[in-house]
Amino acid sequence: MSGATHEVPVMIAGDAIGHVGGGARTWRYRLWRHLRAHDVRLDLVGSDDPLDDIRAEVAEHRPDYLLVLLGVDELRRPAIDPGRFEADLRASIADARRANPNLRIVLGHVLPTHHAGPDPEFAARAAGYNARIDAIAADLDTDDSPIVVAGTDAEFDAGDHTADGLHPNPAGEVRIAAAFADALADRFHLGAHYPRPFPRAAGGATGPRPHLDRADHDPE
């Protein structure tokens, strides 16, 4: 790794797992650390839930990249069927692009949870969400504002990689970060693939949640 570290404004949108993990770390912390090791320093911008007003958030903070990981806390509600999910996500992407027509977007798959095991109806809905995410990325991908899917569910097992069947533990955070890192490297040549086999994930239940909104702050 050589050369000067450069700063890249990135906005993370979705539910709380992008900001609160199973311990002192989060998956965005692990992505930040991984990319920093490859001379890419992320400037994580925006509020904790920028999807609430994504057009204003993108206009204010001017991210180059938007990473979206929607969780099952909201999606478990019966009212959020795959059709409404798709319409809402398409609308959010359109609003974000109105603020930045050159925004690069990475959409993560909905993660598996213990709820999907004994609940076939929820499992089918979760699979439906991910099929819609794939369809949205294929349909809305453009040269000016490319969209790629991060396979956040591919190496993620709810039994091993969550603290409570829902929220990622350190091993789960690493796998989410790896999926986004791989997508960024493959499509945008940003950073490099996450190393495999996965390193043992440090990060227990002690210590404050790192604040990464300033590029000159090292949370370790």
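The chat below goes through a predicted model, from overall layout to single residues.

Colleague: How much of the protein is buried?
Modeller: Of the 220 residues, 51% are buried.

Colleague: And what share of the contacts comes from residues 24 or more positions apart?
Modeller: Among contacts with a separation of 6 or more, 78% are between residues 24 or more positions apart.

Colleague: Let's do the core. Which residues touch the most other members of the largest one?
Modeller: Leu31, Leu42, Leu67, Val106 and Phe180, out of 31 residues in the largest nonpolar core. Two or more residues each come from β1 (6-14), α1 (27-36), β2 (40-45), β3, β5 (147-150) and α7.

Colleague: Which of those gives the largest share?
Modeller: Helix α7, with 10 residues of this core.

Colleague: What is Phe180 in contact with, leaving aside its neighbours in sequence?
Modeller: Beyond four places in sequence, the contacts of Phe180 include Trp27, Leu31, Leu67, Val106 and Ala150. Val68, Leu69, Gly108 and Thr152 are also in contact with Phe180.

Colleague: What does the second core include?
Modeller: That separate core has 24 residues, among them Leu89, Ile136, Ala137 and Ile147.

Colleague: Switching to rings. How many aromatic pairs are there?
Modeller: The count is four. One of them is Tyr65 with Phe188, edge-to-face, at 5.4 Å centre to centre and 75° between the planes.

Colleague: Where do those two sit in the chain?
Modeller: Tyr65 is in strand β3 (residues 65-69) and Phe188 in helix α7 (residues 170-188), so to speak distant parts of the chain, 123 residues apart. Both Tyr65 and Phe188 are buried.

Colleague: What is the geometry of the Phe85 and Tyr129 pair?
Modeller: Tilted, with 4.9 Å centre to centre and 40° between the planes. Phe85 belongs to helix α4 (residues 82-99) and Tyr129 to helix α5 (residues 120-140), so the pair ties together parts 44 residues apart in sequence. Phe85 and Tyr129 are buried as well.

Colleague: Now Glu57. Buried or exposed?
Modeller: Glu57 is buried, and has no salt bridge. The nearest side chain of opposite charge is Arg28, 11 Å away. Glu57 is in helix α2 (residues 54-61).

Colleague: Which side chain does Glu57 make a polar contact with?
Modeller: Ser47, at 2.7 Å between the two side chains. Leaving aside neighbours within four places in sequence, Glu57 is in contact with Met11, Gly46, Ser47, Pro50 and Arg62.

Colleague: Arg62 is on my list for its backbone. What is its phi?
Modeller: Phi of Arg62 is positive, about 50°, although Arg62 is not a glycine. Arg62 is in the loop between α2 and β3, and counts as partly exposed because its relative accessibility is 41%.

Colleague: And where is Asp39, and what is its phi?
Modeller: Asp39 is in the loop between α1 and β2, with phi near 65°, again positive in a residue other than glycine. The relative accessibility of Asp39 is 15%, so Asp39 counts as buried.

Colleague: Last item. Is the peptide bond from Arg196 to Pro197 cis or trans?
Modeller: That bond is cis, with omega near -5°. Pro197 lies in the segment after α7.

How values were computed
Residues numbered from 1 in each chain as written. Predicted model: local features only at pLDDT ≥ 70, side-chain atom pairs only at ≥ 80, totals over all residues. Heavy atoms only, no water. Helix = DSSP H or I, 4+ residues; strand = E, 2+ residues; numbered from the N terminus. Buried < 20%, exposed > 50% of the residue type's maximum accessible area, 1.4 Å probe, protein only. Lys, Arg positive; Asp, Glu negative; His and termini not counted. Salt bridge = Lys/Arg side-chain N within 4 Å of Asp/Glu carboxyl O. Polar contact = N/O pair within 3.5 Å; in protein donor to acceptor, adjacent residues only side chain to side chain. Contact = heavy atoms within 4.5 Å. Phe/Tyr/Trp six-rings, centres within 6.5 Å; stacked < 30°, edge-to-face > 60°. Core = buried A, V, L, I, M, F, W, Y, C linked by side-chain atoms within 4.5 Å.
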